[in-house]
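Work through the exercises below with the sequence and the structure at hand. Try each task before reading its solution.

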Amino acid sequence: MQRGARGLRDRAERWAEAERTQIALWMPVGLGLGIAAWFLLPDPRAWAAFACLLAGMALAAAVVADGGRIARMVWAMAVLMLAGLSLAWLRAESVAAPVLVRPVIADMFARVDDSERLVARQMVRVMLRPVTARDGRGRALTLPPRIRVSIADGDVPAGLGRGAVLRLRARLMPPAGPVAPGGYDFARAAWFQGIGATGRGFAPVTVLRGAQREDGLRQRLSRRITARVEGSAGGIAAALATGDVGAIGLADAEAMRRAGLAHLLSVSGLHITAVVGIVMTITIRLLALWPWLALRVRLPLLGALAGALAAIGYTWLTGAEVPTIRSCVAAMLVLAALALGREAMTLRLVAAGAVIVLLFRPEALMGASFQLSFAAITAIVALHEHPAMRRWFGPHSDWRWSIARQGGALLVTGLVVEAALMPIAIFHFHKAGLYGAFANIVAIPWTTFVAMPIEMIALLLEPWGLAGPFWQMLEWALEALLRLAHFVASRPGAAVAMPVAPAWTFALAVAGGLWLALWRTRGRWIGVPLLLGGTAAMLAAPAPDLIVTGDGRHAAIRTDGGMALLRERAGDYMRTTLAEMSGSQGELAALSDQSAARCGKDVCLTHMMAGGRSWRIAATRSGYAVPWSSLIALCRRVDIMIADRRLPQACRPRWLKLDTPVLHRTGGVTIWLDPPRVATVHRPGDGHPWRRSVSYGAR
């Protein structure tokens, strides 16, 4: 037994020795595991207990290390996880701000911090700092210090801008949590942005004091671009230059998503690379015209410096979002490597960029933006670092064969990136794209080598009034990109809807992908079955039979004709969200139109077969009062009772009662009937700060 254990340890040590150059790549993984643990564990007691466990692991590994590399790896991973847990905890407490906990109608005076025009939605989103506020009865309100309000375009007065003081009436809501388990948690995102309430402003909106500061360069540049290039093409042009996607039409944005081209609208590595490359090339070419300088100074160094300044300026201009920061950091490291004569792009640079982002914004780990960005760049670099790829797709003496190889490299890279991004897309967006790799073969070179250079030339010539032809060329180029997106999106199966997948399937796929990408010996191939198994489990996740929102007003119920909506007047956002989370394609039908349902004005009763038995489900569907005697009698005949109000104590359905008090504790609910299983948004005792916010309202 001892001999077998010693042999196993020796083999592990030999493997660790062979992989010693790759161990540093796991630094961001260790930090990320600690950060994820803080978000997944429920409360401070669990966080403290896990921190003690990690400290104990680190101490034990340090004691038994005796020169072994495996023990040192365990020690380092435990320390990194402890650091990640601490970073997330400290960051969440450092941004703490009051949060509204119940809806209010507020008549307020407020100062404008920022405004963003959403052209496609015909509204302006304003970030406000309330000064004073009263409710509809004239009572004083204490509002959170930072709120976000949307105002319709037609109600926006002149003079609204940064520093302006407004008087307006608005309906304010607490930042919304997930509609149902697995949905987008805006409450969590709002906590880290310091947003305590959101809402919609009503006319009239009065400007008591005009904007004290002009709009920033980003806003002015976006307006200038959209004025020169019409429609969604102008919105894409603004997105490429400033990161502002508000002018892209909803139908065009959806087509870009379905075609797998939405990454082009988020400023990231592709855009930073294009800007740096163009600036470096122009700088070197122009400086080469001065012979005295060209003979005495290394022009590539000056070009790299100009590229670095361009990358920093572009990152600042586009709002310094997580993908842009990551790309900017990577660009700085690449330029430094070029200046030192080192290899330009390696996984070490990617890992360094990830560590920098996580140190300053640990919450970014939980967002799709961070995950998509780093998954894509990690897959690309890991693929092209492989010796077989370097041999096959390297330079060739025959230019025709070289072009064919480059085309093949682009196709293989696209397929690998699609495989890497698929688990993330399924988990966050409940969709899997099929043709994105092929669309990107055309779209990426078109955007990088055609659209962006034309736009840069147009912006450079705009102050002299010479940019007209280039704006027209840019409009044609971006309209061609939109036509490609609509063509791909309209193909059958372009985007397949998936129901919400369990978190463990996503974790398994991510673990497999990281294991495959970050190691170099034959043991890396263990990651393939993990990646494939996790992805297959996500694809095979069962669709729910019933989804109920946290207010009890909306429900999606499975019928013979697919998922059906309880209330026909649900808004577009609710319809889309429930359809995505249930794995349904297209619009949800009305429950009242289904043969298995009997719906009146106030209540719907439906039944379905699942698990070898018939289930009866009832739900209220109006705001009118229903006699308690009728509700009590109905409860006795059904298995599940759903209501957007408090039900009488005597209401006892056979299995599940979901009324206002219950849903207030659970949040949105997802139900599977074969076998019977319930998932809830809120967990008992959840101690995350966006769940235990302080009550603010009428005094």
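**Exercise 1.** How much space lies in the second largest pocket? Then describe its lining.

Solution. The model is a predicted one. Begin with the volume: about 400 Å³ of space lies in the second largest pocket. Next, list the lining, which has 17 residues. V275, E455, M456, L459 and L460 are the ones that lie nearest the pocket's centre. Then assign the lining to elements: α7, α9, α11 and α17 each give two or more residues. The largest share, seven residues, comes from α17. Finally, sort the lining by residue type: 15 are nonpolar, one is polar and one is charged.

**Exercise 2.** Which residues of the largest nonpolar core touch the most other members? Trace the contacts of one of them, L478.

Solution. The largest nonpolar core has 48 residues, and M256, L261, L474 and L478 touch the most other members. Two or more residues of this core come from each of α6 (217-228), α7 (231-242), α8 (250-258), α9 (269-287), α11 (299-317), α12 (322-340), α17 (436-461) and α18 (468-489). Helix α18 gives the largest share, eight residues. Now take L478: with neighbours within four places in sequence left aside, L478 is in contact with A233, I236, A237, L240 and A451. Another core, of 37 residues, lies apart from the largest one, and W191, V355, F370 and L518 are among its members. As background, nonpolar side chains tend to be buried together in soluble globular proteins.

**Exercise 3.** Where are cis peptide bonds found, and which residue has a positive phi although it is not a glycine?

Solution. Take the cis bonds in turn. One joins A203 and P204, with omega about 0 degrees, and P204 is in strand β5 (residues 197-209). Another joins D674 and P675, with omega about -5 degrees; P675 is in the loop between β17 (669-673) and β18 (676-680). For the positive phi, the residue is H430, at about 60 degrees. H430 is in the loop between α16 (399-429) and β6 (431-433). Its relative accessibility is 3%, so H430 counts as buried.

Technical notes: Residues numbered from 1 in each chain as written. Predicted model: local features only at pLDDT ≥ 70, side-chain atom pairs only at ≥ 80, totals over all residues. Heavy atoms only, no water. Core = buried A, V, L, I, M, F, W, Y, C linked by side-chain atoms within 4.5 Å. Buried < 20%, exposed > 50% of the residue type's maximum accessible area, 1.4 Å probe, protein only. Helix = DSSP H or I, 4+ residues; strand = E, 2+ residues; numbered from the N terminus. Contact = heavy atoms within 4.5 Å. 1 Å grid on protein atoms, 1.4 Å probe; cavity = no way out; pocket = protein on both sides within 12 Å on 5 of 7 lines; lining within 4 Å. Points joined across faces, edges and corners; volume = space filled by probe spheres on them. Nonpolar A, V, L, I, M, F, W, Y, C, P; charged D, E, K, R; others polar.
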